[in-house]
Amino acid sequence: MTREWTEITVVGEDDTGLIAEVTSFLFERNANIVDLDQAVRDGTFRMTMEVDTTEMVTTQPKFQADLEDLCDGFGVDVQVRFPSDCENQSVAVLVTKESHCLETLLEAWNSGELDADIEVVIGNHDDLQPLAAQYDVPFHDIGDEKGTPDEEELLDRLSEYDIDLIALARYIRILSPEVVFRYESRIINVHPSLLPAFPGAAAYRQALEEGARIAGVTAHYVTTDLDQGPIITQRAFNIPADATEADLKQRGQPLEADALLEAIRLHLDDELDVQFGRTELENPEEADAQLGAPEELDRLIPDQPVDGFDAVAASEPDETATADD
């Protein structure tokens, strides 16, 4: 989100009159709606608004308390993030068992590379608790013996640590709309393929089975559609003829960590703008970012031939050969 506007997110069961009541509430307090979006998925309703509250005729604490009372009457949850709340951002990292992405994020945070604080690591297994402990970051295991996460506990932990951004560091679970809707445009995942190719599970194996010559990784925003959120960064690598799935993982994991870190850094620095499902840099001429392949690749791409033969031929002089007598 932009740090210029107040963000309001309402999640719960759809109820006739809810939107009208919320918009009337804002009008009465001289808060102007800049943008409004709503969606329903699997029975869960979500409404997100960006609101100009600079001229509102109430205080921020009373505004939030009154809006929470209104939404309680409809049995829905509401989150309010004023621009000032976005100054010092907090990150939660969700993990399963793979350590490479978490290790990269923790080291970047420890060295001051990230303009935010990693407040908590949350896993559906406890395998990576020792790694979090090395950096004195709290760890919470929300999974059962099979790794099935308790999403109510997940939401409680995210609220407890007042989380602004969620990083899925090889968190091998699908988040439900109950989570995604509450953190719209604030969840970043890394997937081991060049999306939109090979979404879902076992992406490296899919690439091998389909005979791909090039594989890669993609960091993207999470939506309720699996692996279809706006793409932020991608990295690619060649697949050797005799490669195994383990070989692809060995090549891909460092790139997964790199792409995820770059995407998170760009988000935290307000360098990203998403329009119509496509992510662009806010200031491309100023940003020091690698969104795709290294620039060296551009120099290897031939620039001829290209379409336009007729135009080229028409521009050449007519040199008709004349036979000697």
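Contact here means heavy atoms within 4.5 Å, and that is the cut-off to keep in mind for everything I say about touching and packing. Angles run from 0 to 180 degrees between N-to-C directions, with axes as lines fitted to C-alpha atoms, for helices over the stretch in contact. Helices (H or I, at least four residues) and strands (E, at least two) are DSSP runs, numbered from the N terminus.

Hi everyone, a word on provenance. This is a predicted model, where local features need pLDDT of at least 70 and side-chain atom pairs count only at pLDDT 80 or more, while totals for chains, interfaces and linings use all residues. Residues are numbered from 1 along each chain as its sequence is written, and side-chain values use heavy atoms, with hydrogens and water left out.

UniProt, in an unreviewed entry, places the feature "domain: ACT" at residues 7-84; its positions are in the numbering used here, feature names are shortened, and annotations may be inferred rather than shown by experiment. Over residues 7-84 the chain is 33% helix and 38% strand, with the end C-alpha atoms 11 Å apart.

Now look at the open sheet of four strands, ordered S2-S3-S1-S4 with antiparallel pairing. Two strands pair if DSSP finds at least two bridges between them. S2 and strand S4 (77-81) are at the edges with a single partner strand each, so one side of each has no neighbour in the sheet. From one strand to the next, the twist averages 10°.

Strand by strand, then. Nine bridges join strand S2 (residues 32-41) to S3 in an antiparallel arrangement, and Ala 39 stands opposite Arg 46 in S3. The hairpin of S2 and S3 has two residues between the strands, and Asp 42 takes a positive phi near 50° there. Strand S1 (residues 6-12) also runs antiparallel to S3, joined by seven bridges. On its other pairing, S1 meets S4 in the antiparallel sense over five bridges.

How many of the nine residues of strand S3 are buried? Nine of the nine, so strand S3 (residues 44-52) is largely enclosed by the rest of the structure. Buried means under 20% relative accessible area, exposed over 50%, and partly exposed in between, with a 1.4 Å probe and protein chains only. Both faces of S3 are covered, with Thr 44 and Glu 50 among the buried residues on one side and Phe 45 and Val 51 among those on the other. As for the helices, H1 (residues 18-28) lies across S1, S2 and S3, at about 15° to S3. Helix H2 (residues 60-74) lies across S1 and S4, running at about 160° to S4.

On to the other sheet. Seven strands form an open sheet in the order S7-S6-S5-S8-S9-S10-S11, with mixed pairing. Strand S7 (139-141) and strand S11 (231-238) are the edge strands, each pairing on one side only. The twist averages 20° from one strand to the next. Helix H3 (residues 100-110) packs on this sheet, touching S5, strand S6 (117-123), S8 and strand S9 (187-191), and its direction makes about 160° with that of S6. Helix H5 (residues 151-160) packs on the sheet too, touching S5, S6, S7 and S8, at about 170° to S6.

Which residues does Ile 118 touch, not counting residues up to four places away in sequence? Val 91, Val 93, Leu 105, Leu 106, Trp 109 and Val 137. Ile 118 is in strand S6, and Ile 118 counts as buried because its relative accessibility is 5%.

Last stop: Glu 262, in helix H8 (residues 245-268). Is Glu 262 buried or exposed? Glu 262 counts as buried, because its relative accessibility is 12%. Beyond residues up to four places away in sequence, Glu 262 touches Thr 233, Arg 235, Asp 288, Ala 289 and Gln 290.
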